Amino acid sequence: MPKVETFNKEVVLNKATHVFHNKGYNATSMQDLVDATGLNRSSIYNSFGCKQNLFLECLKVYQDESKTALSSIIMQSNCSLSAIEDIFNLYYNDISNDKERKGCLISNCTAELANQEPSIKTFLNANQDNMVALLEDLITKAQTKKTINTNKTAKEYALYLFTTLQGFRLTGILLNDKTQLRSIVDTTLQNLT
């Protein structure tokens, strides 16, 4: 008879996500995860299979939280260009409020693991495809309303914005000057109009 999980999976994933976010995947030991979650090693292995599977579940939780925030921004924005600006402002605020300078878990994962683990690379590629599609849709709508120029295609601008967002998140780990961070946002948005 299979064992029944007797712990709150959501709580465990949040605690494990915090550890991975603070230390990175490679620097996180199983003992770190045991200490943070309160589970013993066998419970972690029985429930998640291995450290990598647990990490992938943590990435999905983090991604879901991001999707919720982005959806809320898009629904509240009065136009597509405003939605793009609000997305950048969300990231600007995240960076500004990140006192520990730990950055974005997904961006950090891209830098640390994209070329090491095929299953993680698959997750990251899908995440990129989804974000580029979201941006492309916003840009297409804005170009139709002539609030974003047509110097580039919506796809080209979407890739540009995604790349800028990724770089912005990584730069924000090192750069603590809010004026310079704001300048990155302003310059990026000026290129669209």
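Mentor: Happy to! The protein chain in this predicted model has nine helices and zero strands, so from the N terminus on its elements read α-α-α-α-α-α-α-α-α. Along the principal axes, the C-alpha atoms fill a box of roughly 60 × 40 × 30 Å. Of the 193 residues, 42% count as buried. The chain exposes about 10,500 Å², and carbon and sulfur atoms supply 51% of that area. Among contacts with a separation of 6 or more, residues 24 or more positions apart account for 67%.

Now to the helix pair. Two packed helices are described by the angle between their axes and the distance between the axes. Here the partners are helix H2, residues 30-37, and helix H3, residues 41-48. Their axes are 9 Å apart and form an angle of about 95°. The range for roughly perpendicular is 65 to 115 degrees, and H2 and H3 are therefore roughly perpendicular to each other. On the H2 side, the residues that meet H3 are Met30, Gln31, Leu33, Val34 and Thr37. On the H3 side, they are Arg41, Ile44 and Tyr45. By type, the residues of this contact divide into five nonpolar, two polar and one charged.

Between these two helices runs a loop, and glycine 38 lies in it. With a relative accessible area of 64%, glycine 38 is exposed, because the cut-off for that class is over 50%. Glycine 38 also has a spatial relation to lysine 15: the two are 23 residues apart in sequence, and their C-alpha atoms are 9.4 Å apart.

Other loops deserve a look for their backbone angles. Most residues other than glycine have a negative phi. Arginine 101, in the loop between helix H5 (80-97) and helix H6 (105-113), has a positive phi near 55°. Lysine 146 is another residue with a positive phi, about 65°, although it is not a glycine. Lysine 146 belongs to the loop between H7 and H8, and its relative accessible area of 72% makes it exposed.

That loop between helix H7 (118-144) and helix H8 (154-174) also holds asparagine 149. Where lysine 146 is exposed, asparagine 149 counts as buried, because its relative accessibility of 16% falls under the 20% cut-off. A polar atom of the asparagine 149 side chain lies 2.9 Å from the backbone nitrogen of asparagine 151. Leaving aside neighbours within four places in sequence, asparagine 149 is in contact with Gln143, Tyr157, Asn191, Leu192 and Thr193.

Apart from neighbours within four places in sequence, asparagine 127 is in contact with Gln63 and Ile106.

To come back to your request, the picture to keep is of H2 and H3 set roughly perpendicular, with exposed glycine 38 in the loop between them.

Methods: Residues numbered from 1 in each chain as written. Predicted model: local features only at pLDDT ≥ 70, side-chain atom pairs only at ≥ 80, totals over all residues. Heavy atoms only, no water. Helix = DSSP H or I, 4+ residues; strand = E, 2+ residues; numbered from the N terminus. Buried < 20%, exposed > 50% of the residue type's maximum accessible area, 1.4 Å probe, protein only. Polar contact = N/O pair within 3.5 Å; in protein donor to acceptor, adjacent residues only side chain to side chain. Contact = heavy atoms within 4.5 Å. Axes fitted to C-alpha atoms, helices over the stretch in contact; angles between N-to-C directions. Parallel < 35°, antiparallel > 145°, perpendicular 65-115°, else oblique. Nonpolar A, V, L, I, M, F, W, Y, C, P; charged D, E, K, R; others polar. Areas by Shrake-Rupley, 256 points an atom, 1.4 Å probe, with all protein chains shown as cover.
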